[in-house]
Amino acid sequence: MASSTIPTHYPQLVDPTRTPLAFLNRAVPRLNRELQSDNLLLRQRAVRSLCDYLHDPEHMLPCLNEDIPATLLDLLKDTDQFCRLKSAECYYVIASHSIGRQAMLACNVIPCLASLFDDKEPSVRRNAHKAVSMYSEAPPGAQNLIEIHLVDTLLKKLISELDEIKELILNTIHFCLMVDVEQALAADAMSTLTSLLEHPSDKIKTLAALTIFHLSVSLKGKERAVEIGTVNELVALLDSNDDALKSKSALALSIICIITPGKYCTIKAGAIPKLLAMLNKESTELVVNALKVIACIAEAPEGRKKLLESVDQIERYINHRLPNLAKHAQIAAKVIKWMP
Amino acid sequence: MAATLVKPPNSTYTFSSQPKAVQQQQGQRQKFRQPVINQSDENSLFGNIMYDRRVIRGNTYALHTLPAHAQPDPIEVQRQQEAKRRALARRKAREQIRTKTPDPVHNRKNIDVQTELYLEELSDRIEEADVDVQTDAFLDRPPSPLFIPQSTGKDICTQIETGDLFDFDLEVKPIVETLVGKTVEQALIEVAEEEELAKIREQQREYEEIRNAELIELQRLEEQERRLRAEKERRMKQAQEALRLEQDAAQKIAARAFAKAYLQDLVPSVFNNLRENGYFYDPVENEIETSFMPWLMNKTMTHVNQLVLGRTILDSIIRDVVNQRIDDYDKLAEALKQTIEGGIDMGTSTGDIVHSSEQNIENLESNHGELNVTMDNNTNEGGEISNGALLNDETDEREEEQTNANEDAGGEQ
């Protein structure tokens, strides 16, 4: 049987890849200490444990009190790939909480994360982008990103990165653009995004269309879009099979159609029959977006002429149960029937 | 254990403490109880060097200066003897308390017996076996085997029947429950986190949709508003422009008409003025006026002056003549008177005198009349401007002649 003397060896580690967590509130200081240690193995194990520890929201506050984000900053520059990977992932988890985002803002983490964008390992890059993407979802984060002019860098990366990372970057840019459009326009985002519209992946095309929509909220964006022929691409995308893609292209088209050249460009590209086909679908988002494009096109006399034939299709939706849909159907019908 | 005196062969020394076989220590398994140790053997026993009095302990810097082989202090000696006696007494007392095997009964001998299960041959002679080992050349010394000391004490064994300790199934239940619970809880938390994220995204997406829709609507309305307003502005501006042009045209026409009316008699009036001011002149006429007329006037003036002069002279002549006549008449009168007075007889001569005086007076008067006539002729001639200069000269000469004639006539008379 087991002897009663205290054994001299430590208990066996269940998982040798992570440090065991100390009890209660000693866990975080110990992890913090180990993260700063010189031994690579200790660091790796500590950062892995930290990553899992952070998932619990109740553990977030003590971690932030111990100033873990600052410690992780040093780890981001570590020579070992695994450390960088895991610390970027830790930042991703921290950024999903609002106090975490505030702490990240205070420690000025984003430039260091941004330098990781150039890392050789794709997984490190992916985690870095995930962290930045999550950080940008809230307005203060997006504001911060705009302030440090990250949009430019992201756009450049967009051209050269892998697909899944492209999705993350597009997501980040999408949130940044909800705050401020100027920088992206200055960096000639429209042409980059237009070229992305030809990408084989549907998801990327959807995100690109959404980003184009945001860019086109400002007048300059709209003009640029018409200039470089984004309209034709978007109209071509209206044919695709993916619902989400169709609805987002319609969204982008609807905002470009607000300016007069945009309207004529769209009509010339033959968008009207495709939009009318979209009206028959089930997905409400699709129908709403189609209705909006129709409303915008109907401002122009040619469009109005063509759409007068299909007014009854639109009027079907006026009494739909969704208030959003009904309202837009009504607006579209009104615009079509307007006489000068 | 018997202490055999060992003396090294051919040595010049003796052992202070004789080497002897290792004794079993107190705590370890002793085969036999040790016999009582005499005090005399005490020193010959191996002492623990730690407790050896001969070893200097402690600080050697401030050592007690008395070396070991100096004369021992009698007090010290006495004290040591006392300590020894006391220790011995204590040991003796302990020995007495310890139980010993009772002495054997009559005709019996105590014999050592083994209580083990299995008999063991005991002998003083230690069984020796010589084993020698030679490691292979160039082989590393293998690590020493782990030293596990023999277990001391009595060996006792028991047998645990089933159900003695605990019921595994009963006991394991809470442990397994805890384990499973914790695992499931962790899994649930993770899934809940993902679900929460997905829900949040869903909500965000819906919000974004509505926001986008509203934004587009807003912009569209703005654009519409702007376009309509721009159109209206344009039309208004056009209308205003047209109105302005009309007004301009009307004003121009009015101005033109007015100007025309105003200027209508400007030209004639200007011409009139000019003509009045003599700007349109007949050059011949002008020349006549500028050069001829002054000459004419001068000549006329001279002529007239001459006439006036002539007249004046004539007047003076006449005056003189008249004065003279008067004088003459006076004289005549006088003479007459005288005559009358003097001679009323001369009655007939008065008539001649009177006739002569009347003739004088008639001559004078006819001269006056001629003068007047000539004066009238002159004035008539003077009044005719259109006569040529020569004519004028001629008339002047005629006048001069007449004047001279008159003067002569006057002079004659």
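**The interface and helix packing**

Author: The area buried between chain A and chain B is about 2300 Å², and carbon and sulfur atoms give 52% of that area. Please bear in mind that this is a predicted model.

Reader: Which three residues supply 22% of the area that chain A buries against chain B?

Author: They are I258(A), E285(A) and E299(A), which supply more of that area than any other three residues.

Reader: And how many residues of each chain are in contact?

Author: The contact involves 30 residues of chain A and 21 residues of chain B.

Reader: How many salt bridges does the rule find across the interface?

Author: The rule finds two between chain A and chain B. In a salt bridge with an N to O distance of 2.7 Å, the side chain of K327(A) meets that of E214(B). In general, side chains of opposite charge can pair when their charged atoms come close.

Reader: How many salt bridges does the structure hold over all chains?

Author: Over all chains there are 15. One of them joins K86(A) to E89(A), with the closest N and O atoms 3.6 Å apart.

Reader: Where do K86(A) and E89(A) lie?

Author: Both are in helix α5 of chain A, which covers residues 81-94. K86(A) and E89(A) are three residues apart there, about one turn of the helix.

Reader: What about α11(A) and α3(B): how do their axes cross?

Author: The axes of α11(A) and α3(B) come within 14 Å and cross at roughly 45 degrees. That angle makes α11(A) oblique to α3(B). The crossing of these two helices is left-handed.

Reader: Which residues make that contact?

Author: H174(A), F175(A) and M178(A) of α11(A) make it with Q204(B), E208(B) and R211(B) of α3(B). By class, the contact of α11(A) with α3(B) has two nonpolar, two polar and two charged residues.

Reader: Now within chain A: are α9(A) and α11(A) parallel or perpendicular?

Author: Helix α9 (residues 139-147) and helix α11 (residues 163-179) of chain A cross at roughly 90 degrees, and their axes come within 9 Å. The two helices are therefore roughly perpendicular to each other.

Reader: Which residues are involved in that one?

Author: α9(A) contributes P139(A), A142(A), Q143(A), L145(A) and I146(A), while α11(A) contributes T172(A), F175(A), C176(A) and V179(A). Of the residues in this contact, seven are nonpolar, two are polar and none is charged.

Conventions. Residues numbered from 1 in each chain as written. Chains lettered and ligands numbered in written order. Predicted model: local features only at pLDDT ≥ 70, side-chain atom pairs only at ≥ 80, totals over all residues. Heavy atoms only, no water. Contact = heavy atoms within 4.5 Å. Buried area = accessible area lost by both parts, 1.4 Å probe. Salt bridge = Lys/Arg side-chain N within 4 Å of Asp/Glu carboxyl O. Helix = DSSP H or I, 4+ residues; strand = E, 2+ residues; numbered from the N terminus. Axes fitted to C-alpha atoms, helices over the stretch in contact; angles between N-to-C directions. Parallel < 35°, antiparallel > 145°, perpendicular 65-115°, else oblique. Nonpolar A, V, L, I, M, F, W, Y, C, P; charged D, E, K, R; others polar. Left-handed = near helix turned anticlockwise from the far one by under 90°.
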